[in-house]
Amino acid sequence: MILSGEQRQKLRDALISAFPSKASLEQMLAFQLNKNLDVIAGGTNLKEVVFNLIKTADAEGWVEKLIYAAREENPGNQSLKDLAAPEDNSVQPNIRQKPHQEQQSVKLSKHIQIFLAHANEDKPEVEKIYKHLENKGYKPWMDKKDLLPGQNWREETPKAIKQSQIFIAFFSQISVSKQGYMQKELRLALNHYAQMPPGKIFLIPLKLDDCEIPPLQLPELGMNLQDLHWLDYRESDALEKLVRSIESIANY
């Protein structure tokens, strides 16, 4: 869709209302669209940044995705709701729908369960990635979100690992220096991984900060955690790389 000047202004005002800081706008683009705001749009203030963002999206043909992503990230914002209302002719009503290609991707990915292994101290950051994966149509699993009241977590956690097609191990300077149940989860994951065909992606080490991947090994199975290529969450395209790895499972 090509926007008129009036439509651009309405969209700009709605985005600023929903994301009143550059940081919140940056997170929306990263989590929902795997895009880097600094690469897409510059500016000396938020209005300029948002204007340049809309200009780029309009020129490259992803305005509908931008509007949908904004509404997914902030569903309660009235300005975005008004922007997408059917009676508002300033924006086509079909922005309520995901683009066809994204709908197909979600359908293909619904069966993929992703176990998120992490230390309690890293839970706030891991919950953001949980939401991002959930919005992409996957089934992330973490204790706080998916254990039911009354379930035995010592029994359910190993079950969830075995039922998952992807195991993401979140490492930080805190998690690599402490003893805890995450170490057992890693050993269970390595043991499960050893039974899979060679070359299949299952265990993804993800560094949340400047830490070292621990030298966890299962020599009897020929498994070494440090043999696996890790992902640096601080990189601008980290989430995009993560999704590509997961999609390789969908097509395996």
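This is a predicted model: local features need pLDDT of at least 70, side-chain atom pairs count only at pLDDT 80 or more; totals for chains, interfaces and linings use all residues.
Together with helix 11, which spans residues 181-193, strand 3 and strand 4 make a right-handed β-α-β unit. Strand 3 is also joined to strand 1 (residues 113-117), again in parallel, by 4 bridges, and here Phe167 is the bridge partner of Phe115.

Strand 3, which covers residues 166-171, is mostly covered, with 6 of its 6 residues buried. Ile166, Ile168 and Phe170 point one way from the strand, whereas Phe167, Ala169 and Phe171 point the other way, and all are buried.

The aromatic rings come next. A pair of aromatic rings is described by the distance of the centres and the angle of the planes.

| Ring pair | Distance of centres | Angle of planes | Arrangement |
|---|---|---|---|
| Phe115 and Trp141 | 5.2 Å | 15° | stacked |
| Phe115 and Phe167 | 5.2 Å | 5° | stacked |

Phe115 in strand 1 and Trp141 in strand 2 (residues 139-141) are 26 residues apart, and their pair links distant parts of the chain. Because Phe115 lies in strand 1 and Phe167 in strand 3, the other pair ties together parts that are 52 residues apart in sequence. Phe115 and Trp141 are buried, and Phe167 is buried as well. Ring pairs link Phe115, Trp141, Phe167, Tyr193 and Phe202 into a cluster.

Rings also meet charges: the charged end of Lys145 sits over the ring of Tyr130, 5.6 Å from its centre, while that of Lys207 sits over the ring of Trp230, 3.9 Å from its centre.

Key. Residues are numbered from 1 along each chain as its sequence is written. Side-chain values use heavy atoms; hydrogens and water are left out. Buried means under 20% relative accessible area, exposed over 50%, partly exposed in between (1.4 Å probe, protein chains only). Helices (H or I, at least four residues) and strands (E, at least two) are DSSP runs, numbered from the N terminus. Two strands pair if DSSP finds at least two bridges between them. A crossover is right-handed if, with the strands pointing away from the viewer, the path from the first strand over the helix to the second runs clockwise. Rings of Phe, Tyr and Trp (its six-membered ring) pair if their centres lie within 6.5 Å; planes under 30 degrees apart count as stacked, over 60 as edge-to-face and the rest as tilted. A charge sits over a ring if NZ of Lys or CZ of Arg is within 6 Å of the ring centre and within 35 degrees of the ring normal.
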